[in-house]
Number of protein chains: 2
Amino acid sequence: MREIVECVPNFSTSDPKTVELILNELKKTKNTFLLDCTFDDYYNRLVVSFFGNKKSVLEAALNMSFKAVELIDMRLHKGQHPRVGAVDIVPFLPIKNVIMEDCIEVARKFGKTLAEKCRVPVYLYDEAATKPERRDLDWIREGEYERLAEMIVKPERKPDFGPAKPHPTAGATVTGARKVMAGFNVNLGTADLKIAKKIAKALHAKKGGFSNVKAMAAFIPEKNVTQIGMSISDFEKTPLYRVFEMLKVEAARYNVPILGSEFCGMAPLKALIDIASYYLKIDNLTEDRVLEIAVQNAIEKGDGFE
Amino acid sequence: MREIVECVPNFSTSDPKTVELILNELKKTKNTFLLDCTFDDYYNRLVVSFFGNKKSVLEAALNMSFKAVELIDMRLHKGQHPRVGAVDIVPFLPIKNVIMEDCIEVARKFGKTLAEKCRVPVYLYDEAATKPERRDLDWIREGEYERLAEMIVKPERKPDFGPAKPHPTAGATVTGARKVMAGFNVNLGTADLKIAKKIAKALHAKKGGFSNVKAMAAFIPEKNVTQIGMSISDFEKTPLYRVFEMLKVEAARYNVPILGSEFCGMAPLKALIDIASYYLKIDNLTEDRVLEIAVQNAIEKGDGFE
């Protein structure tokens, strides 16, 4: 049975040359497959999604991170997305024939090696966290890169690996294991960031919104619109349609039209099924009832197909 | 490249023993994979969905049909779904690495062999049709089994294979090649078949509804509700959400609630993407942006994965 681990590293750059050199490290690694790669100037952030087996994702994540530490200087970095370092966050996700424990082990190896080789302080988060508060990425990133030096020396913020002081140009890194989540961005027909922030606040877990939802507002200059960027960490418990319907309600309150939306990264099939099932009142739709998946499953289960 | 042809034969039975014996013929055939099998008393109809390569689907479809001709007696058959024979309809669908022409060829071989071995008259329909009017299943099935003897002797209705008279117990068979379609049933909160028929009529292509849509109304005694059974032959041109929204409009007119719905057979991924994209205003979602499909595609394209 082929094991599949996904890795979604986020690097603090949108410089095309730096992006290329980081991706080259992935290309060089056997048994890895690029799924997606996005970078935007307004977030000044590179999000790569790739998969492989436990061994190959670890190797690729490390080599990409070594390159990012070498090339990115956080002292010069500006962007609308919270970040604490050049290799900002490196989560590992169980996709097939691996369990969460496997991904936690990969994250620990990744963090330990990065800290040893680059002297970058590393925190473990989410399923790999060593203390309850560290499950929460926001808690770890509090103060961001700019206030890292003052935060990192607090005893409760001692890194899991590496020194208790920032790497001068690379800051710190967060790694861990988590479920597949849904990243979803909604563009609003307003340039007013204040309104967008109010809408984001209404959805955000810690501000009274849905548990499992993080929502932030950003201004997108080239379109002169605002965007609600969301990540839904458990879209089975908090389905996307419900979040979207509440976003519609809040946007209507400010007479703001919804221009469009997009998945940020890959769309998990289960999220699509939940959307279709809600709007069309479908009773019995599961992943194995989707033609393309059923065909694939039947071939994998069968004893050979010519 | 592995070729995948789907076959969705419909047999006029819901007798469990007969169903089992027909399915046994499929199980015996190498390189075939069962996807789905449903049978209902109110339709008195067995719908099987399976796939394989060109050779294996032909072999399995023939052996299942031989068994159905042997066991089903149309003289005793009653059911709410239109039908013209024991082996009512046998379409072949291109899924992967085959084209429509391949499926037309399989359908022709199937029809020719069934006619020769069983003396069942066979019509070719849809993409395999030999005349424009024969593309239309309804045209071929006009009069159903009960009036087949009087219809089949008309010159314009001469079967494509076999004798121009019904098989006494098996009637006639329709085979052909077609695109993957979406089968979708919606349950209405009314036992009034007249209302359900009005709603079905509003959606049905030939009655002024959407092109690509066939809709029929049926009463479902065990639930004491009515059901709109639809097949959408080209759900890219006539997406499911649009049909469903119109069904909602018509149902509201009669104050009939929509209780729930279900895909009849497998749900094509593209249909789900279209639904999600409409309701959540997603701009850029394609099949290769769905995580499970992207992983599969990457592995297939790559040069091996351990």
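These legends walk you through several close-up views of a predicted model.

**View 1. Strand S5 of chain B and the strands beside it.**
Start with strand S5, residues 87-96 of chain B, which is mostly covered: seven of its ten residues are buried. Strand S1 (residues 4-7) of chain B pairs with S5(B) in the antiparallel sense, over four bridges. To find this pairing, look for B:Val5, which stands opposite B:Pro94 in S5(B). Strand S2 (residues 10-11) of chain B also runs antiparallel to S5(B), and two bridges join them. Here B:Asn10 stands opposite B:Ile89 in S5(B). With strand S7 (residues 173-177) of chain B, S5(B) runs parallel, and four bridges join the two. B:Phe92 has B:Ala177 as its bridge partner in S7(B). As you follow a strand, keep in mind that in a regular strand the side chains alternate between the two faces of the sheet.

**View 2. A:Asn31, a residue with positive phi.**
Most residues other than glycine have a negative phi. A:Asn31 is not a glycine, yet its phi is positive, about 65°. You will find A:Asn31 in the loop between helix H1 (16-27) and strand S3 (32-40) of chain A. Is A:Asn31 buried or exposed? Its relative accessible area is 13%, so A:Asn31 is buried, the cut-off being under 20%.

**View 3. B:Asn224, a positive phi in chain B.**
B:Asn224 has a phi near 55°, a positive value in a residue other than glycine. The loop that holds B:Asn224 lies between strand S9 (213-220) and strand S10 (225-232) of chain B. B:Asn224 counts as partly exposed because its relative accessibility is 47%.

**View 4. A:Lys78 and A:Tyr43.**
A:Lys78 sits in the loop between helix H2 (54-71) and strand S5 (87-96) of chain A. With a relative accessible area of 68%, A:Lys78 is exposed. How many residues separate A:Lys78 from A:Tyr43 in sequence? They are 35 residues apart in sequence, and 8.2 Å apart in space from C-alpha to C-alpha.

**View 5. The salt bridge between A:Glu3 and A:Lys54.**
Over all chains, the structure holds 58 salt bridges. One of them is formed by A:Glu3 and A:Lys54, whose closest N and O atoms are 3.8 Å apart. A:Glu3 lies in the segment before strand S1 (4-7) of chain A and A:Lys54 in helix H2 of chain A, so the pair ties together parts that are 51 residues apart in sequence. A:Glu3 is partly exposed, at 23% relative accessible area, and A:Lys54 is partly exposed at 28%.

**View 6. Salt bridges in chain B.**
B:Asp126 and B:Arg135 form a salt bridge, with 3.8 Å between the closest N and O atoms. B:Asp126 is buried, at 18% relative accessible area, while B:Arg135 is partly exposed, at 42%. Now turn to B:Glu236 and B:Lys270, whose side chains meet in a salt bridge (3.8 Å, N to O). This pair links distant parts of the chain, 34 residues apart: B:Glu236 is in the loop between S10 and helix H7 (240-253) of chain B, and B:Lys270 is in helix H8 (residues 269-279) of chain B. B:Glu236 is exposed, at 53% relative accessible area, whereas B:Lys270 is partly exposed, at 23%.

**View 7. A salt-bridge network in chain A.**
Which residues does this network link? Salt bridges connect A:Asp136, A:Asp138, A:Lys206 and A:Lys214 in a network.

Technical notes:
Residues numbered from 1 in each chain as written. Chains lettered and ligands numbered in written order. Predicted model: local features only at pLDDT ≥ 70, side-chain atom pairs only at ≥ 80, totals over all residues. Heavy atoms only, no water. Buried < 20%, exposed > 50% of the residue type's maximum accessible area, 1.4 Å probe, protein only. Pairing = 2+ DSSP bridges. Salt bridge = Lys/Arg side-chain N within 4 Å of Asp/Glu carboxyl O.
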